[in-house]
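Dear colleague,

I am handing over the structure we spoke about, and below it you will find what came out of going through it. Please keep it open beside this email as you read.

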Amino acid sequence: MKNKGLVIFITIVLALTCIYQLSFTWKARSFEAKARAFATKGGIYDGEKYRTYLDSLGRKPLLNIGITKKDYFQCKDAELKLGLDLQGGMNVILEVSKGEVIKTLAGQSNKNPNLLAAIDKTQIEYQKSGGDFIDLFVSNLKNIAPNTTLTSLFVNRDNKQINSNSSEADVIAYLKRELKSKADNTRQVIEARLNSGNISQPNIQELDGGRISVELPGVDNPKRIRALLEQSARLEFWEVYGNSPKNQFAGYKKIYEPMNAAFAQKLRLTKGATSEDSVQIKAIAAMTDSTARDSAQKAFVKAQNQKDSSKYPFAEAGLVPLLDQKGNVVESSILARAPKEVMTKINKMLEDEVVINALPKDVKFAWSAKPESEEVQVYQLYALRGNRDGKAALGSGEENIIADAFATSSQTNGQVEVSMSMTQQATKDWKAITRNAAQTNDYIAIVLDNKVFSAPRVNEEIPNGNSSISGGFSVEEATDLANVLKAGKLPAPANIVAEDVVGPTLGAESIKKGINSFIIGFIAVLIMMLIYYNRGGLIATIAVFANVFFIIGILASYGAALTLPGIAGIVLTIGMAVDANVLIYERIKEELRAGRSMKLAVTQGFSAAFSSIIDGNLTTLIAAIIMTFVGAGPVYGFAIILIIGILTSLFTSIFITRILIERRTDKGKDVSFSNKYTSNLMIGAAFDFIGKRKRFYAISSIIIVVGFAVLFKNGGLSTGIDFKGGYGYVMQLETGKQAEDIKAALDKGLVGSSNEVKTIGSEGRYKIVTTYKINEPNMSADSIEDDVINALAPFKATKEGILSSSEVGPTIASNIRTKSMWVVIVSIIAIFIYIIIRFKNIGFAVGAIIALVHDVLMVFAIFALLDGIVPFALELDQNFIGAVLTIIGYSINDTVVIFDRIRENLNEYKSEHDKGKIINMAINQTLSRTIMTSVTVFVVVLVLFLFGGLALKGFSLALLIGVISGSYSTIFIACPIVLDLFKKDKSMLS
């Protein structure tokens, strides 16, 4: 072999790099083991002692190799990362609220009814089908209001990049830039929050469409993380329409009484109207004399007032002002109080046009952040007073007004609060605001994300820019709020549209099952290679071991996380890596049978197998690369491992295997590639595969037709949560219960939802998927979780019983469906193009694609036949799409190897007119390789199926079907199709 020294050098460098990179993991884990031993006394683990050990000794050098020193925390950052499914944690996808961004950019036009209608319609369409939000919005706006120009809505003093002379295209481009900018800034703010909140190893990525992926391994408090991520942290200081003698009880007289009077009049004019009243209303409306009409209308209203004495509809609805025992209004910044259950109704009443028109233009309503007590869920309503622009006195702009914030104890009552100091400019503004408020003895409300935390009376000017927020915080809540305020407000509201939470219990199970499947799969390959290829099998096993070592080392260097599907990818790579060695060994055996020396046979064998190895691996690589575009998640982790594995297996099989073999042959030693049982196995095989092709066409057609008949009869495969949207939970419930009974309880407790319940794994464990309130905006995942637990109370459901949870919003689900469909189509097209380029023959390409489509249809058909029979979920989801793409890669690999031999035979036997005979010869010549590779891959996938855990059951079953179907279709579909095409067009195989 030429350049042997270079190959050895590269191998040594790669090995040392992997050892260096993996040493961080070894050192970090060893240090943590010592910390756990220190924190465990008498079998009792003390978490506080563990953290103290890490903090006190973690900064001392832990890894010292002379040229560099690393402490524990540096080693921890560089260690091999584990995915959420292996150690527990949380993965969240946030989406910037595009509608709110547009409203903000519209400035004072943000209440334009046409603008609001266009935003509402766009949000509905975007949820269903995705697309570009700005383009959809502009299209809807033009349909709703054709004469409305974008400049009339968006040109204002804040949007300096556009003006009245800007074209529509300029405004659209500006809106898209601003939306992208908001997403970029949001990612930066979130990263700052997580870093200041001591969240370890956060992985934050900006996705397309204004979305941000946040992966947080090891976190065990999802509620806290949701608050850190979603909280806008828009801190504002508002003047208040309060009640005091100095302002003549403005809150009650200017706000509460007018809004009651306005709504009461509306009720009298609508609900209280009799048929005679309706006739009179129509008659008044028909009057042409405006003076007479106004007079008649006043007389009618007066008469209605006398008939109906209900003057306080808000009070009747539950919104009651603060009154003393004598019925006098109490001095307070609070406008009124209402129970939690009527707040939604009150909000709708406050948004009524008659109420808005009856009140001052600068009023804005906001509820208290927390109820008056946990026992009595009563909230307080405040009437905030805006400045001349209708905004807060301080904090309404984009700039951050807080320089520092920290949790502390109040000097007055000892409660935990957040103390804040303002920026230099904000301090000046705050001084002026408090001076004016002190002169009138007014109130100032501290409002965070449209919720009032306190509204104290200002007695004196505050010159130093200090303030505080109180609200019954715990120390952790106050610390997190302080960190959020220091990191700054989100430039636009961001909502969680998808979420996965994996508990540590499920993570520990996944690690155990993943490692077991890896070890058993590796041992299975070792035994099979040793039995079939003797000493050559031992060399191949060394190469495969090196391949796995390189995969893990490169994965650690790349910074990617090892996930359960990633372990599946390693196990599958082990099986597929063997294929290259099998191809080489079978070629070497052919050369030895032809009478060549061992040394020459090795050289010729590697040379003859090279083309097939490259073609097979490149087609699989195409599928793997396209797989990365499905999205962040289990499929992505699998694809990354597969890509790394394909590249390293090429290196180890072509170069390392050859170096090890030639090391023996150079010393004059033979390398046995068979034993007495396998030396002549499949030699001289002459099965007539081509002659029986129509029989196999019929078998495939029957299976696919029957499978799809069942599929359509059952309404298709059930889709996973990532395809249809909803909330998913793996829950531990009371044992011995039927899934149907649990579903009935969910249907009853979660009204208006579609629910699925499936028994999985161990006794009492169920997978639950619900669409409950998935289309309602800004729904809290904690609230949904509470409702699910309440609905399943008869089955002893608890918070602790939720082993994992996930949430996928309708927009994300729509995007995943569309992307998954296209990624399969594009992968098939890409492979089709590659086959045409590589073989320079459309007949091979058509045969390969028909075989691929056959394999995909076969997986769907058999899934449909097995659905409901196997004791685990068979769902159409991202894992299924990943399996389909893997099957495409495996199947085309198998097909290309035989096509390569057909092409070789066509060149060698040009005088042979019976092309079917040549194709049959090629199939039989490669039969030993086909069987060995198929059996090896089947065994390792079977190991995945049996030992890989429930998360991989459906995935590995699809692969099992695909391995069988892929080998079958290569022999009985792809090759015969090529022959049938040749019979129609003789140039196909010329």
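**Helix 7**

In this model, which is a predicted one, the buried residues of helix 7 are F133, I134, F137, V138, N140 and L141. If you look down the axis of helix 7, these buried residues fall within an arc of 165°, so they line one face of the helix. Helix 7 itself runs over residues 133-144, which makes 12 residues, and the distance from its first C-alpha to its last is 16 Å, close to the 16 Å expected at 1.5 Å a residue.

**Cysteines**

How many disulfides does the model contain? The count comes to zero, when a disulfide is taken as a pair of cysteine sulfur atoms within 2.5 Å. For C18, the nearest cysteine sulfur is that of C75, which is 17 Å away, and C18 is in no disulfide. Because buried means under 20% relative accessible area, C18 counts as buried at 1%, and C975 is likewise buried, with a relative accessible area of 0%.

**A pair separated in sequence**

A192 lies in helix 9, which covers residues 168-196, and with a relative accessible area of 33% this residue is partly exposed. Between A192 and K486 there are 294 residues of separation in sequence, while in space the two are 8.9 Å apart, counted from C-alpha to C-alpha.

**Two loop residues with positive phi**

Where in the chain does F249 lie? F249 sits in the loop between strand 9 (235-240) and helix 11 (250-269), and although it is not a glycine, it has a positive phi of about 50°. Its relative accessible area is 23%, so F249 is partly exposed.

N450 is likewise a residue other than glycine with a positive phi, in this case near 65°, and its place is in the loop between strand 15 (444-448) and strand 16 (451-454). At 47% relative accessibility, N450 counts as partly exposed, because that class takes in the values between the 20% limit for buried and the 50% limit for exposed.

Notes. Residues numbered from 1 in each chain as written. Predicted model: local features only at pLDDT ≥ 70, side-chain atom pairs only at ≥ 80, totals over all residues. Heavy atoms only, no water. Helix = DSSP H or I, 4+ residues; strand = E, 2+ residues; numbered from the N terminus. Expected span 1.5 Å × (residues − 1). Buried < 20%, exposed > 50% of the residue type's maximum accessible area, 1.4 Å probe, protein only. Arc of directions from axis to C-beta.
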